[in-house]
Amino acid sequence: MTQLPYTHAPLERAELLRGKDDEVRALTMDAKARFLPVWKETHAVDERQHAMSFGPDILTRINVETVCVIFLGLAEGAPWFALAFAPEDEPPATGAAGFAGLRDIWVHTEEAFASRLVYARAMAIWHQNHPHCSRCGAKTVSTEAGHSRTCSACGHRSFPRTDPAVIMLITHGDQCLLGRKAEWRPGQFSTIAGFVEPGESIEHSVRREVAEETGVVVGAVRYMASQPWPFPSSLMLGFRGEALSTEIRRDSDELEDCRWFTKDEVLAAESGPGTLLLPHRSSISRWLIEGWRDEAP
Ligand SMILES: [Zn+2]
């Protein structure tokens with residue numbers, strides 16, 4: 001199977017540096033330092049819509065009082081940072097041609113760089129969404145080089161969160177179970193997915209979500225791979241599951257349609273009018289479906 005998008009060449013996170021403010025400040029001035037601006041969940045791009053990183057001179061062009069500078073880690077001796085701009089800022093004067101969504105620019109982006117963009121956006125979105133203390137409601141400030149926020153009133157510290165979500169390709173012999181949401185482009189189907197709830201194991205979550213959304217009973221489940229998915233803050237946990245029943249009782253609030261597709265139908269996907277449309281190429285859903293499709297019978 002091919003490697004999943006957004007899981008390539010992680011940075012050395014160097015977490016011991018995060019508490020050392022002076023050392024992190026010096027790293028921001030390192031000539032090799034690279035900065036990844038994130039604004040309103042979008043990324044800086046050049047005129048060809050290719051994602052950009054910037055050297056330390058970017059800090060002279062932006063208002064560092066309102067931008068959160070987040071130390072991401074080290075790669076080949078170069079420190080990497082995310083710059084989280086406030087959403088109410090006008091397009092920040094970074095020197096980029098514009099800003100674009102990750103799903104649109106992913107196709108032009110080298111995988112190791114795409115993995116850094118995902119990390120940067122996950123951190124930036126968390127900062128954007130947590131300006132206040134969850135305990136007392138007072139303002140929080142970025143601490144530990146952007147890896148925590150601390151309440152200015154009660155001192156409570158909060159940390160970036162990742163929400164576990166299960167996503168599963170359910171099979172029965174030569175068929176797989178796919179569903180679609182009403183807002184998707186016509187003809188597109190995807191694997192079943194849902195959030196892990198407090199107090200349940202991820203295996204239980206796989207069976208519960210499939211039963212709730214489709215009525216299908218799932219037996220054995222097998223973990224396949226995970227993918228960071230900060231849209232806005234998920235960690236996708238990918239599974240295969242074997243169906244013990246085939247009758248579909250669809251939850252119409254969740255899914256507009258849900259069907260069993262044969263392997264031949266999946267092989268013919270996107271080959272002409274009326275054929276199945278698969279989810280975005282960067283998604284673990286696509287990866288799960290193609291991995292099953294390409295297996296020897
Ligand atoms: Zn507080």
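These legends accompany close-up views of a predicted model.

**View 1. The hairpin of E6 and E7.** Here E7 meets strand E6 (residues 140-143), and the two run antiparallel, joined by 4 bridges. Look for Thr-143, which stands opposite Ser-148 in E7. There are 4 residues between the strands, and in this hairpin Glu-144 takes a positive phi near 50°.

**View 2. The hairpin of E7 and E8.** On to strand E8 (residues 157-158), which pairs with E7 in the antiparallel sense over 2 bridges. Arg-149 stands opposite Ser-158 in E8. This hairpin has 5 residues between its strands, and Gly-155 in the turn has a positive phi of about 80°.

**View 3. The largest nonpolar core.** This core holds 48 residues, of which Leu-72, Trp-80, Leu-178 and Leu-276 touch the most other members. Helix H3 (residues 111-129) gives the most to the core, with 8 residues. Because domain 1 (15-129) and domain 2 (163-293) both give residues to this core, it lies between them.

**View 4. The surroundings of Leu-178.** Neighbours within four places in sequence are left aside here. The contacts of Leu-178 then include Leu-169, Phe-189, Phe-261, Leu-276 and Ile-289, along with Ser-190, Thr-191, Cys-258 and Arg-259. Elsewhere, a second, separate core of 21 residues includes Leu-17, Trp-39, Phe-71 and Phe-99.

Notes
Residues numbered from 1 in each chain as written. Predicted model: local features only at pLDDT ≥ 70, side-chain atom pairs only at ≥ 80, totals over all residues. Heavy atoms only, no water. Pairing = 2+ DSSP bridges. Core = buried A, V, L, I, M, F, W, Y, C linked by side-chain atoms within 4.5 Å. Buried < 20%, exposed > 50% of the residue type's maximum accessible area, 1.4 Å probe, protein only. Domains from an automatic or database assignment. Contact = heavy atoms within 4.5 Å.
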